[in-house]
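These are my notebook entries on one protein chain. I record what I looked up, entry by entry.

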Amino acid sequence: MLPDFANPADWLPWTFASLMGLSILIYVVLDGFDLGVGILFPLAGPAEQDRMIGSIGPFWDANETWLVLAVGLLLVAFPQAHGMILSTLYLPVFVMLVGLILRGVAFEFRAKARAQHKRLWNRLFFTGSLMTALAQGFMLGLYIMGLEQTRATYAFATLTAVFLAVGYSFIGATWLIHKTEGALQWKAVRWGRESLWGVILGIGAVSLATPLVSTRIFDKWLAAPQVFYLAPLPILSGLAIVWLWRMLRAMPFAEDRRSWLPFAVSTGLFALAYIGMAYSFYPYVVPERLTIYEAAAAPESLLIILVGAAFVIPTILGYSILAYTIFRGKATDLRYD
């Protein structure tokens with residue numbers, strides 16, 4: 001049910017929830033592929049690792065901006081939900097921040113370290129990437145379970161953590177298919193084939209678990225006539241998975257044609273899964289406990305923040321598009337000259 005757009009108390013919380021949701025989706029796709037490249041790091045040789053770093057070097061800092069934006073929007077627009085969510089997820093948030101710091105430091109130091117120390121920084125880059133992915137997956141699992149803390153919810157969150165890490169490695173592999181060539185591209189194709197199972201199991205687990213969290217979500221998906229309106233989401237997701245499965249068994253194509261396509265289809269698949277989850281939980285910002293309207297700041301405050309967001313978000317979009325445009329094409333070794 002959409003808000004009454006004539007009433008600021010209705011449309012402002014909906015607007016900020018949409019902006020926050022869009023920021024999270026962009027973050028998952030963009031930082032997801034560079035986290036995935038980090039997770040795949042130990043599977044490559046030294047020269048290939050340099051090329052992998054070169055494929056994400058111009059982008060990874062900007063990719064993480066979307067996470068900062070999403071958390072910032074949560075804090076200023078939904079302060080009550082911010083406190084409730086982060087107090088419950090304090091430990092995995094701490095692990096994620098340590099992982100992000102670790103991989104950022106390792107990213108810079110590995111390029112400057114002496115040969116005998118480079119292996120250590122490579123390991124720390126992998127460790128930081130894996131810690132971040134697992135922490136985000138664990139948070140996602142607990143969020144889906146309504147932030148309940150039981151053995152069952154922790155078990156589901158652990159499973160989600162593993163699947164999200166494998167999912168990140170998959171989208172990282174599709175990025176490498178597009179940005180690399182030769183032996184490394186062949187390896188990336190193989191990594192994509194092997195990690196696609198994690199995407200399938202992860203989306204399947206979340207899709208099956210979400211309607212069981214509450215009767216409200218169950219009815220939103222499976223009651224008539226909604227079940228017919230929503231049928232395109234699982235159908236399109238299934239078609240995307242089949243398309244990826246067939247593509248990855250035929251790639252790389254002659255003359256490196258359509259190397260961008262697996263990443264594009266993967267992005268679409270992640271977006272479909274995210275839209276389905278957003279639909280399930282709307283209008284709640286804390287599942288079954290707090291709606292976006294209950295958690296929102298005063299309309300006067302939101303209106304002022306919206307003016308700032310109208311400048312900040314297009315700026316972030318603009319420089320992100322510029323970076324991806326300037327550094328399009330195949331990756332070269334990352335250099336610090």
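Before comparing helices, I noted that an axis is a line fitted to C-alpha atoms, for helices over the stretch in contact, and that angles between N-to-C directions run from 0 to 180 degrees. I also noted that the model is predicted.

**Entry 1: helices α3 and α5**

I looked up how helix α3, residues 60-77, lies against α5. Their axes come within 12 Å and cross at roughly 165°. An angle over 145 degrees counts as roughly antiparallel, and α3 is therefore roughly antiparallel to α5. I then checked the hand of the crossing of α3 and α5, and recorded it as left-handed.

**Entry 2: a patch on the surface**

I asked which residues make the nonpolar surface patch of about 450 Å². I found Tyr90, Leu91, Phe94 and Val98. Is Leu91 buried or exposed? Its relative accessibility is 59%. The cut-off for exposed is over 50%, so Leu91 counts as exposed.

**Entry 3: helices α11 and α12**

I turned to helix α11, residues 232-250, and helix α12, residues 261-281. Their axes are 10 Å apart, and the two helices pack at an angle of about 155°. The crossing in which α11 passes α12 is left-handed.

**Entry 4: the loop between α11 and α12**

I next examined the loop that lies between α11 and α12, where I placed Pro252. The peptide bond joining Met251 and Pro252 is cis, and its omega is about 0°.

Arg258 also belongs to the loop between α11 and α12. I noted a positive phi for Arg258, near 55°, in a residue other than glycine. Arg258 has 37% relative accessibility and so counts as partly exposed.

**Entry 5: another cis bond**

Which kind of peptide bond runs from Ala224 to Pro225? I recorded a cis bond with omega near 5°. Pro225 sits in the loop between α9 and α10, the latter being residues 226-229.

**Entry 6: another positive phi**

I looked up Glu288, which is not a glycine, and wrote down a positive phi of about 65°. Where does Glu288 lie? I found Glu288 in the loop between β1, residues 284-286, and β2, residues 290-291. I classed Glu288 as partly exposed because its relative accessibility is 31%, and partly exposed covers the range between under 20% for buried and over 50% for exposed.

**Entry 7: distances along the chain and in space**

I took Ala47, a residue of helix α2, which spans residues 46-56. Ala47 is exposed, since its relative accessible area is 59%. How far apart in space are Ala47 and Trp260, C-alpha to C-alpha? I noted 23 Å, for two residues that are 213 residues apart in sequence.

I then took Asp219 and found this residue in helix α9, residues 215-222. With 42% relative accessibility, Asp219 counts as partly exposed. Asp219 and Leu43 are 176 residues apart along the chain, and I recorded 44 Å between their C-alpha atoms.

Note on methods: Residues numbered from 1 in each chain as written. Predicted model: local features only at pLDDT ≥ 70, side-chain atom pairs only at ≥ 80, totals over all residues. Heavy atoms only, no water. Patch = residues over 30% accessible without salt bridge, like charges linked within 9 Å, V, L, I, M, F, W, Y side chains within 5 Å. Areas by Shrake-Rupley, 256 points an atom, 1.4 Å probe, with all protein chains shown as cover. Salt bridge = Lys/Arg side-chain N within 4 Å of Asp/Glu carboxyl O. Buried < 20%, exposed > 50% of the residue type's maximum accessible area, 1.4 Å probe, protein only. Helix = DSSP H or I, 4+ residues; strand = E, 2+ residues; numbered from the N terminus. Parallel < 35°, antiparallel > 145°, perpendicular 65-115°, else oblique. Left-handed = near helix turned anticlockwise from the far one by under 90°.
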